[in-house]
Amino acid sequence: MLRIKSDPNVCIGCGLCRIWCKVEHSPSKNISKAFKPAAPPTLSCVELEERGCESFASMCRHCEEPLCVYGCITGAMRKDPQTGLVTVDRSKCVGCWTCILMCPNGAIVRDERNGYTALKCDMCLERGFPSCVEHCPNDALVIEEVEDV
Amino acid sequence: MNAPRNNSRNAIQAPQRKASDFRIRSNRLAEFSVERDYDKCIKCEVCIRQCSFDVHYYEEEEDLIKHRSEDCVGCQRCAVLCPTDALTIRPNPAQYRAHGSWSSEHVKDINLQAETGGVVLTGAGNDKPMPVYWDKLLINASQVTNPSIDPLREPMELRTFLGAKPDGVEIENGKLVTSMPPQVQIETPILFSAISYGAISYNVQKALAEAAVELGTLFNTGEGGLHPDFYKYRDHAIVQVASGRFGVHPDYLNAARIVEIKIGQGAKPGIGGHLAGEKVSESVSITRMIPAGTDAISPAPQHDIYSIEDLRMLVYAIKEATNYRVPVSVKIAAVHNAAAIASGIVRAGADVIAIDGFRGGTGAAPKVIRDNVGLPIEFALASVDKRLRDEGIRNRVTLIAGGGIRSAGDVVKAIALGADAVYIGTAALIAVGCTLCQKCYSGKCNWGIATQDPYLAKRVNPDIARKRLVNLVKGWSHEIKEMLGGMGINSIESLRGSRSQLRGIGLTTEELNVLGVAPAGN
């Protein structure tokens with residue numbers, strides 16, 4: 001299974017992962033349009049954790065025991081048995097935020113731009129390749145094959 | 001935006017300042033002009049986070065990213081990382097009134113010295129438009145009368161052996177009976193120059209070492225010692241013994257394939273070095289064997305070498321210490337009497353002579369020295385090779401040329417002028433990310449190369465850097481093979497000192513005589 005690996009040893013704290021995540025989760029998916037003052041607020045599933053000179057990007061771990069899936073009251077949150085990816089079906093999500101309370105990593109954000117739905121890293125399924133990984137200038141984010149998580 | 005507006009790196013921590021700390025007001029014009037396209041800027045703050053010179057900042061009241069052009073060093077880090085190409089860094093169009101004698105650079109340097117009273121420091125190599133003789137030499141190729149060779153279809157040898165060669169060989173019953181001086185085999189005639197840990201970061205030296213391993217060539221520790229983690233690359237290390245004797249101990253000498261006595265450096269012939277205490281981190285201190293936080297000062301001369309006889313004593317002291325297993329190299333800067341000095345070095349028992357031309361790089365040097373002292377490597381190499389041949393001692397030494405080797409073409413020309421191999425330093429650092437902004441001495445290298453700041457040093461990912469270095473040298477090696485093939489030569493050894501393969505263009509008779517090449521068309 002493919003997962004995103006974050007390496008603090010070479011993370012340079014530029015924050016481009018967060019920027020490109022916001023672009024990917026904007027209606028236009030275009031960097032010059034997504035940040036226009038009139039555009040809807042931008043949301044990132046990636047958070048850049050920083051202390052002193054240490055930094056790394058953190059996002060959903062797609063846990064083996066996905067507490068968000070267990071807590072979901074509508075069945076919107078599900079873990080794909082094949083890929084192991086935890087994704088949210090936004091048409092079913094009612095915005096109760098149980099998943100946010102359950103997530104030990106703080107990896108789920110509230111998307112209030114169009115109704116109330118949870119937003120989380122889906123490894124850019126629609127795009128094909130995670131945008132944060134593609135745009136990391138120092139390979140601090142890489143795709144790696146893991147046994148099972 | 002939920003990004004922290006004042007990240008800890010850029011928040012200015014106001015130190016206790018005295019009235020005397022304030023500088024004299026500067027009269028200098030900004031060297032670079034930062035131009036921000038506000039239509040494109042998305043206020044992502046990448047530029048703020050990346051600039052160690054604090055050029056960019058967020059203006060809260062106006063909700064805009066702004067900049068101070070006067071602090072910009074022109075390294076282009078922000079422009080390269082800006083996700084919307086909103087930044088253009090260009091030389092400041094505002095210049096002092098044009099003058100044929102007093103260039104803007106002269107005026108700026110005079111102002112800087114009038115303000116500080118100090119020596120103007122700089123990094124990297126001589127950036128003055130001095131003649132580059134590589135560009136005035138043309139390489140030959142075969143046509144009709146001797147066939148050219150396709151290196152992709154036929155064997156082509158770049159393998160080189162470093163070390164003294166005997167005057168002759170005796171073979172009895174098919175076996176070599178002459179005792180051979182120690183030889184070091186490298187797979188391509190390109191070595192990484194001496195760049196010390198201290199001048200560059202841990203990650204960069206690691207990348208150089210790993211690339212040398214992968215390429216079958218050598219890296220050079222410089223005068224800063226060999227970090228304990230790097231002893232695993234010992235089969236590909238040249239270790240230096242320089243005037244400061246940093247990090248020199250028996251294990252260090254015995255770890256090396258070649259021990260190099262550093263007499264001089266092309267960027268700053270005749271002067272020593274000074275690594276500021278701020279750069280002497282715990283790890284650098286262990287490697288250099290000096291207390292952390294103290295200045296690492298390399299004296300100008302080696303104080304035990306005041307003559308060729310003294311040099312001979314050190315050469316043989318090192319040979320004794322290493323049980324005559326490794327070749328000893330002597331590195332000198334290209335200076336006016338390099339040929340006579342090289343002759344003395346051979347007689348002092350050195351196995352390798354490295355000559356560093358005046359376009360060679362440095363982590364820090366007084367600008368006046370870098371830009372005015374020394375010789376182009378082309379002249380020094382040609383005159384040394386000729387002198388050693390005339391004296392019949394060329395075989396006793398391997399010649400390595402360095403200082404301004406920019407391409408495979410330069411490598412081929414250097415070898416045809418008499419070098420056995422070349423050192424590349426600046427070219428290697430450019431492959432890693434260097435943009436020649438010449439601020440190495442500040443320790444604030446935005447590309448993470450010439451710095452010990454852990455925040456900046458992470459910017460070089462050793463894996464990426466290794467791949468880029470390997471690609472560079474592989475690419476050059478392919479090009480060298482193509483050029484050799486074009487000349488109808490199938491081994492780099494056959495090209496060495498073959499000046500008949502070169503012609504000079506636009507050179508005076510005196511220059512052609514020094515280089516020992518015929519004019520183009522002759």
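This is a predicted model: local features need pLDDT of at least 70, side-chain atom pairs count only at pLDDT 80 or more; totals for chains, interfaces and linings use all residues.
Begin by selecting chain B and colouring it by its domain assignment, which gives domain 1 as residues 26-118 and domain 2 as residues 136-519. The C-alpha centres of these two domains of chain B lie 35 Å apart, and the contact between them takes nine residues from domain 1 and seven residues from domain 2. If you display the side of domain 1 of chain B that touches domain 2 of chain B, you will find four nonpolar, four polar and one charged residues there.

Next, bring chain A into view, where 18 residues are in contact with 20 residues of chain B. On the chain B side, select helix H1 (46-50), helix H13 (454-457) and helix H14, which are the elements that give two or more residues to this side; H1(B) supplies the largest share, three residues. Colouring the chain B side by class divides its residues into nine nonpolar, five polar and six charged.

Then turn to the largest nonpolar core, which has 186 residues, and select Ile355(B), Leu381(B), Val422(B) and Val432(B), the residues with the most contacts inside this core. In soluble globular proteins, nonpolar side chains tend to be buried together.

Finally, centre the view on Val422(B): which residues is Val422(B) in contact with, leaving aside its neighbours within four places in sequence? They are Pro189(B), Ile190(B), Ile400(B), Ala401(B), Gly402(B), Ile405(B), Val411(B) and Ala414(B).

Technical notes. Residues are numbered from 1 along each chain as its sequence is written. Chains are lettered from A and ligands numbered from 1 in the order in which they are written. A nonpolar core is a set of buried Ala, Val, Leu, Ile, Met, Phe, Trp, Tyr and Cys residues joined through C-beta atoms within 7 Å. A residue is buried if 20 or more other C-beta atoms lie within 10 Å of its own, exposed if 12 or fewer, and partly exposed in between; C-beta atoms are placed from the backbone. Two residues are in contact if their C-beta atoms, placed from the backbone, lie within 7 Å. Domain bounds come from an automatic or database domain assignment. Ala, Val, Leu, Ile, Met, Phe, Trp, Tyr, Cys and Pro count as nonpolar, Asp, Glu, Lys and Arg as charged, and the others, Gly among them, as polar. Helices (H or I, at least four residues) and strands (E, at least two) are DSSP runs, numbered from the N terminus.
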